Structures are given as structure tokens and as C-alpha cells.
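Good morning, and thank you for coming. Please look at the model as it comes up, and we shall then go through it part by part.

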Amino acid sequence: MTKTIERTHVSAPIKPRLKVGVRVLSKGNSIFVGSADFGIELRSPCAREIVGQLNGSLSENEISANLNIPLENVGEVITRLDEAHLIDTQLSKLEIYSRFNSHLKSESTQQRELALDGAHQQIQSKLIPELAFTTWLADVRDGGVFNIGSRRDIDLQIIGENRIASLLFGIMLASGVSNTSLLSSQETIQTQDICAGYFRASDIGLSLTRRTEELSRELSLFPLPQKIKKSDDLFPTRSLRVVLGKIPADQIQDWMSQGIPHLIIEDPDGASINIGPLVIPGSGPCLRCVRITREEENEIWKEIEWQRAFAQSLETPVAVAHSVAGTVALELLRFIDSGESTLIGSMAHIKYHSPCNTEHRNFAQHPACGCNW
Ligand SMILES: [Zn+2]
């Protein structure tokens, strides 16, 4: 996997460009650059002309020469925009699976062929919306390209039988997490799996493994080989697990000892569902810490947990499944891209009847749990 992406820093000349979604508004003698949430005011008399040239194809020197404005003034505007995280100033190269690239061909031949390749153009058009997520992450100055490419470096396993699991599987693949797999104890696709998601009525009764392999190739943002086989080049170096429903205690123990981060999404509880925490082994609370804390606070919790361990899982309504899968996917992508997530050591409680009023509950390591020794 390390061979599929490289970050190329262009030392000189820098060709700055406004980040996607940045707006430029006139305000009397000055201009406002930013969005409804955040922006800066530039009072320099030439600011509007300079900002108009920030399209990623011109260097500071070229802008200065084009507009006949001193280099110092151009540099000043660019520095202010860079400090406000409103422009990209670096270039990263995104390498895509070998169908699109051959080391035997020159770069210019490859570029000509890629411009004519419909599949490559499709990937580019699907990449643009994804870049709108990564380019706004803190310290990203390459339009978010490196982060999107690095999503292929994650071995993501989604373990569970419910609708949220299958929706999450599709969303993560389509977001560039190419090495996503769906693991289920159920061998075939069932009626309740059909929820306006990735499985269709004609899939009922088909092998879950075979259908998810086909879907991987259909949905993946980056092209996958016809036979999905992990070669040395494509083998991801980072792992992440998501468990839905029943928690496999032995696997959790393995992930703790191997240092693999894991996110828990419990079975629904009445008309509500808990998401989290995202456990980072060796840092913050583990699932046992959470369990001990909940048992201490609520004496009936232990019994409820015991009953749930043996009861048949409740399926979620279609709208809840889509909402939870979308929210979880955003948190996982943020974690993959930046190492940060609101769900680290925290549980989000979503009520079906009031989904926008999410309650968060933070947990700490419990002194009675052995994980902090
Ligand atoms: Zn613990």
C-alpha cells in the first residue's frame, strides 16, 4: 500500500488556489473571503485582483507580473489566506491502481491516455465531493488529496448482521476505504436486509460473501482488481474494527492486545440506539471500563445487558439505519483522516423521535479495570 500513494511537496513555485467552497464578497473598499461560518476581511486595494488569480495554475511571481502588483503585496495576501486556512498551497499526487498507470509509459503519455479514459474521468468526478471533506481538515494544504489516497491504507472490518452494517459497508467503500469487509454470521441475504440500501430484492437468498465481493467492485471509489486478493502492494498497514450488536468478547481481547481501535454500536434499546465509544487500546477507556461505570451507576444495567446478550437483536427502522450509518461513517472517516473523533471515549445516544438532539456521554478509564496498568 505504501507504493500506491506518495505526497509530493512542490518546493517552488507554489501555485496557490482557494479551497473548494470559499466565497469572495465585496465589502466597500475591502473584500470578505470565506464562508457563512468563518472568513477574513482583506483591505489591500489589490486584494480582489490577487484573489481572482488564486486558481492553482499561477505562481506568486506570475500573479505579480500579470497584475503588475509588487510581489510583496501578493505574498502578503497569500500569507493571510494561508493562515486562515482558506487556500491550498501544496500538491499531492494520487496514484490509482495499475490499470491506469504503467511504469513503462512516460508521464505525458499516461496523462494523455488518462484524459481519454472514461473510467478515470468517473473516478475524478466522484473524488471531488470527497475532497470537500478532507481539504477542510486542520493543516491540510493539498486539497485533501493525500488523505483520500491514504484511506486505502485501512483494513476496516464491519462485524454485524443488521442494516446499519450493510449500509456502512457501502458508504465506507464509496468513500475510498477500499479494504472494507463485511463479516456476518448470516450466510445469505435476508428480507429484512432490504432497506433502500445496497442490497436489492433480487439478492434475497444469495451468498452474502459473494454479493459483498461484487458490491465492493461496484461501489469502491478506487478501482479494485477483478479478483480481490491482498497482494503485498495493496496490503493495508492500519486496522480498524466496527462491531454492531452482540459484542464478541474474545475478539475484543485480541484487538486490545494488538492495539486495534474498535467502535461499538449496540443493539437498539427501545426507540433509541447508542453509538460508541471508539476504543483506542492503551489510551482512554475500554469497553470494560464503560461496562463497570454503567453497572455502578445503574443497578438494573447488568441485568439488562445480560438479557440483551441472549435476546434476538432488534432491527432498526430504515430511516434510523441510514441516519446512524451516515453519522458513524463521518466519524470513522474523520478518525481515519485525522486520528480524531467525537466518539473516542464517548457514547452518542440517538433517540428515534428526536434524532438531531444527540446526547453525548463521556467515559474515563475505571480504576477497577485492568486496562490502565
Ligand atoms: Zn478498561
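Predicted model: local features only at pLDDT ≥ 70, side-chain atom pairs only at ≥ 80, totals over all residues.

Why does D82 count as partly exposed? D82 has 15 C-beta neighbours inside 10 Å, and therefore it counts as partly exposed. The scale is as follows: a residue is buried if 20 or more other C-beta atoms lie within 10 Å of its own, exposed if 12 or fewer, and partly exposed in between, with C-beta atoms placed from the backbone.

Residues are numbered from 1 along each chain as its sequence is written.

To stay with D82 for a moment, this residue lies in helix α3, residues 71-83. Leaving aside neighbours within four places in sequence, D82 is in contact with I87 and T89; contact here requires C-beta atoms, placed from the backbone, to lie within 7 Å. The C-alpha atoms of D82 and P16 are separated by 9.0 Å, and the two residues are 66 residues apart along the chain.

Now the chain as a whole. Its secondary structure comes to 12 helices and 14 strands; helices (H or I, at least four residues) and strands (E, at least two) are DSSP runs, numbered from the N terminus. Of the 373 residues in the chain, 31% are buried. Among the contacts with a separation of 6 or more, 63% are between residues 24 or more positions apart.

I turn to the sheet of three strands. This open sheet has the order β3-β4-β5, with antiparallel pairing, where two strands pair if DSSP finds at least two bridges between them. The edge strands are β3 (23-27) and β5 (39-42), each pairing on one side only. From one strand to the next, the twist averages 20°; such angles run from 0 to 180 degrees between N-to-C directions, and axes are lines fitted to C-alpha atoms, for helices over the stretch in contact.

β3 and β4 are joined by 5 bridges, and they form a hairpin with 2 residues between them. G28, in that turn, has a positive phi of about 65°. I31, in turn, stands opposite L42 in β5.

What are the two faces of β4? I31 and V33 make up the covered face, while S30, F32 and G34 make up the uncovered one. In a regular strand the side chains alternate between the two faces of the sheet.

Next, the nonpolar cores. A nonpolar core is a set of buried Ala, Val, Leu, Ile, Met, Phe, Trp, Tyr and Cys residues joined through C-beta atoms within 7 Å. The largest has 47 residues, and those with the most contacts inside it are I164, L168, M172, V324 and A325. Helix α12 (residues 318-338) gives the most to this core, with 10 residues. Apart from this core lies another, of 13 residues, including I31, I63, L86 and I87.

There is also a sheet of seven strands. Its order is β9-β8-β10-β11-β12-β13-β14; the sheet is open and the pairing is mixed. β9 (180-183) and β14 (359-362) stand at the edges with a single partner strand each, so one side of each is left without a neighbour in the sheet. Here the twist averages 15° from one strand to the next. Strands β12 (residues 272-279) and β13 (residues 346-351) run antiparallel and are joined by 4 bridges; N274 has H349 in β13 as its bridge partner. Helix α7 packs on the sheet, touching β8 (154-159), β9, β10 (238-244) and β11 (262-265). Helix α12 lies across β8, β10, β11, β12 and β13, running at about 15° to β12.

Finally, helix α7 (residues 163-174) packs with helix α8 (residues 208-219) at an angle of about 35°, with their axes 9 Å apart. F169, G170, L173 and A174 in α7 meet T212, L215, S216 and L219 in α8.

Technical notes:
Contact = placed C-beta atoms within 7 Å.
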